[in-house]
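Morning, everyone. Please have a look at the model on the screen. I'll walk through it piece by piece.

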Amino acid sequence: MKATDAILSVTSLRKRFAAVEVLKGIDLTVTPGAIHGLVGLNGSGKTTTMECVLGMQSFQSGDVRILGRQPADIWQCHGAVVGIFDTPGLHTGLTVRQVLTHARMLCPQPVRSPAEVEDMLGLGRYSHYRIRQLSLGNRRRVSIAHALLGQPQFIIMDEPFNGLDAGGVDDVLALIKDLNSQTGTSFLLSSHQLAYLESICSHISILHNGRISLTETLQNLAGSADTQLRIVCDKADAAATLLQSDPAIRISSQEQNQLNLQTVGIDAAEINRRLVMAGISVSELQALRRGLHQVFQDIVNAPADSPLQEAS
Amino acid sequence: MISSFWVALRAEIYVGLRSHASRLVVILPALIACAQLVLTSMLTASREASETMFGGMGAGQIEGADAWGTLVDAYATGLTLIGLLLAGYAAWSLANDKDSGVLRHLLIRHASRRTMLMVKLVHAHLLGIASIAVLLVSCTLCAWLIWDFGPVVEDGYELIGTSEILTELRLGLLLAIIPLPAAITMGLLVSVLAGNSTQALVAALGITLALDILKGIIGAASDYIYASYLVSLLDSSYLRDVSRLVRGFSDVMINPTTLQMNQWVPWPQAIFLLLLAWYAINRKPV
């Protein structure tokens with residue numbers, strides 16, 4: 001995909017706060033219709049990346065294009081891009097209805113009324129409450145309601161699930177899915193809630209040590225490159241010796257006839273073929289699907305020169 | 001850009017009409033000025049009753065001086081507060097929108113940073129116009145209910161006529177209002193540079209008071225500072241001279257050069273402060 005076709009294209013983005021270089025050359029592309037999750041440890045630079053992308057922070061070098069525009073000109077998209085931040089940016093002295101009416105005034109082509117978005121997010125009964133009287137979760141709902149007054153093409157959400165109860169999280173997840181499937185709205189979400197991201201994202205990027213360590217579709221992430229296998233065979237020692245000779249295979253553990261492997265770029269069928277060719281009888285071979293959490297942990301905990309990190 | 005300015009201004013006014021801070025800026029100066037009028041009238045009535053009782057009334061009494069003098073003092077009190085509140089509001093408003101994150105929504109969806117700066121500038125001026133209008137109307141009405149206004153007369157001799165008083169009063173008010181845009185732009189500049197709204201508010205009020213003190217220290221050089229022409233706690237504005245003039249003081253020395261400076265000095269300073277804010281706003285994180 002050309003960078004010009006992308007909803008968001010970030011190339012070699014570098015950001016320094018005094019002596020600390022937080023972003024050391026970020027490359028990130030969000031394609032049309034994608035729900036792209038950005039995960040990373042605390043302080044890894046997720047929020048800084050989002051703020052640079054949205055023009056809230058300057059950066060030292062790199063190129064950012066959002067719907068083909070530079071961050072400083074993002075306002076010229078007139079509501080096609082929406083940013084929802086960790087802190088809901090709302091006038092605390094106004095009521096929910098007034099905040100939404102104010103937001104509608106600024107929306108060039110509103111497609112929903114304040115009453116409609118209140119209903120969509122279960123805010124109807126808080127309509128005449130002042131923002132300062134609402135819980136953090138409901139404030140977050142109001143800031144999401146902001147986005148729904150228009151027809152945004154791209155929504156950037158920083159920690160969208162913070163402060164939401166279980167029902168609220170389900171509502172937001174459903175809302176993201178609906179908007180994505182019905183109107184093709186693209187999303188860039190950052191969150192520590194990996195399970196939520198895994199349930200909704202089409203793409204995942206892992207931000208670690210100031211760089212994007214991995215960008216992959218969720219589908220590939222689950223079954224690809226980096227796979228864990230459990231093998232039960234009659235000659236476990238011989239099997240271990242055979243497989244260890246390949247640098248793409250790492251023996252995680254061995255117990256009697258059982259081997260646990262971690263492989264990069266070799267699938268279960270190939271392992272089975274090698275063992276059988278060596279005269280080792282395989283009675284069980286199980287590919288363990290790795291969750292986002294496991295992939296994230298492996299990347300975060302692996303040393304910088306590990307083949308696992310290089311593969312990603 | 002122009003259409004985004006008008007839409008953002010309309011939205012700003014929508015919020016302003018529902019904000020306690022805006023209401024405070026518009027109503028508080030008028031309220032305090034009217035309270036001063038009422039209090040002064042009560043004290044004057046009490047003094048006159050006392051003098052009548054003990055036979056102190058007599059020759060040398062200046063008729064009409066109390067009415068005009070108290071009215072001008074009330075205007076001066078209101079304008080002092082308006083100057084402080086507008087500088088503080090201009091500093092607080094943008095910084096508070098930054099703190100709360102409201103500014104981010106506006107910048108992402110609708111307007112550039114510089115457009116928002118101009119929106120805040122115009123909004124603060126609209127508030128200033130509203131607060132001055134409320135002050136003038138309420139004080140005039142309040143004073144008209146309490147006193148009879150006419151020429152200032154001493155022992156049957158007219159010291160100053162009504163039309164002359166009104167001319168001087170109009171000039172005094174006009175000259176007191178001219179430096180307000182510079183005070184507002186100073187507040188905006190502080191708002192752009194400050195880290196948060198509390199810092200901005202404290203800095204803007206601190207700078208206003210510091211300039212007030214400074215003008216008394218630097219002598220003739222103070223003619224080149226806009227703050228010298230603001231009605232303030234250490235007042236050196238023309239309205240102070242008007243207050244003495246309408247009380248029948250004959251020793252009021254009016255320097256035409258100072259009046260000229262009052263008209264022209266604040267404008268380039270307002271523009272300079274605005275240009276600094278214009279330059280700085282694109283370089284600060286939001």
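How many helices and strands does the secondary structure of chain A come to? It comes to 11 helices and 13 strands. Helices here are DSSP runs of H or I with at least four residues, strands are E runs of at least two, and both are numbered from the N terminus.

Some ground rules. This is a predicted model, where local features need pLDDT of at least 70, side-chain atom pairs count only at pLDDT 80 or more, and totals for chains, interfaces and linings use all residues. Residues are numbered from 1 along each chain as its sequence is written, chains are lettered from A and ligands numbered from 1 in the order in which they are written, and side-chain values use heavy atoms, leaving out hydrogens and water.

Back to chain A. Its C-alpha atoms fill a box of roughly 75 × 40 × 35 Å along the principal axes. Of its 312 residues, 50% are buried, meaning under 20% relative accessible area with a 1.4 Å probe, protein chains only.

Now a hairpin. In chain A, β8 (203-208) and β9 (211-217) pair in the antiparallel sense over 6 bridges. Pairing takes at least two DSSP bridges between two strands. A:H208 stands opposite A:R211. The hairpin has 2 residues between its strands, and A:N209 in the turn has a positive phi of about 55°.

Next, chain B. An open sheet holds 3 strands in the order β1-β2-β3, with antiparallel pairing. β1 (62-63) and β3 (157-160) of chain B are at the edges with a single partner strand each, so one side of each has no neighbour in the sheet.

Where do the chains meet? In contact (heavy atoms within 4.5 Å) are 25 residues of chain B and 25 residues of chain A. Together the two chains bury about 2,500 Å², 62% of it on carbon and sulfur atoms. That area is the accessible area, 1.4 Å probe, that two parts lose on being put together, summed over both. B:Y14, B:I108 and B:R109 supply 30% of what chain B buries against chain A, more than any other three residues.

Last, charges. The count between the chains is 1 salt bridge: a side-chain nitrogen of Lys or Arg within 4 Å of a carboxyl oxygen of Asp or Glu. B:R104 and A:E51 form it, at 2.6 Å, N to O. On chain B, α1 (2-17), α3 (65-100) and α4 (102-109) each supply at least two residues of the side touching chain A.
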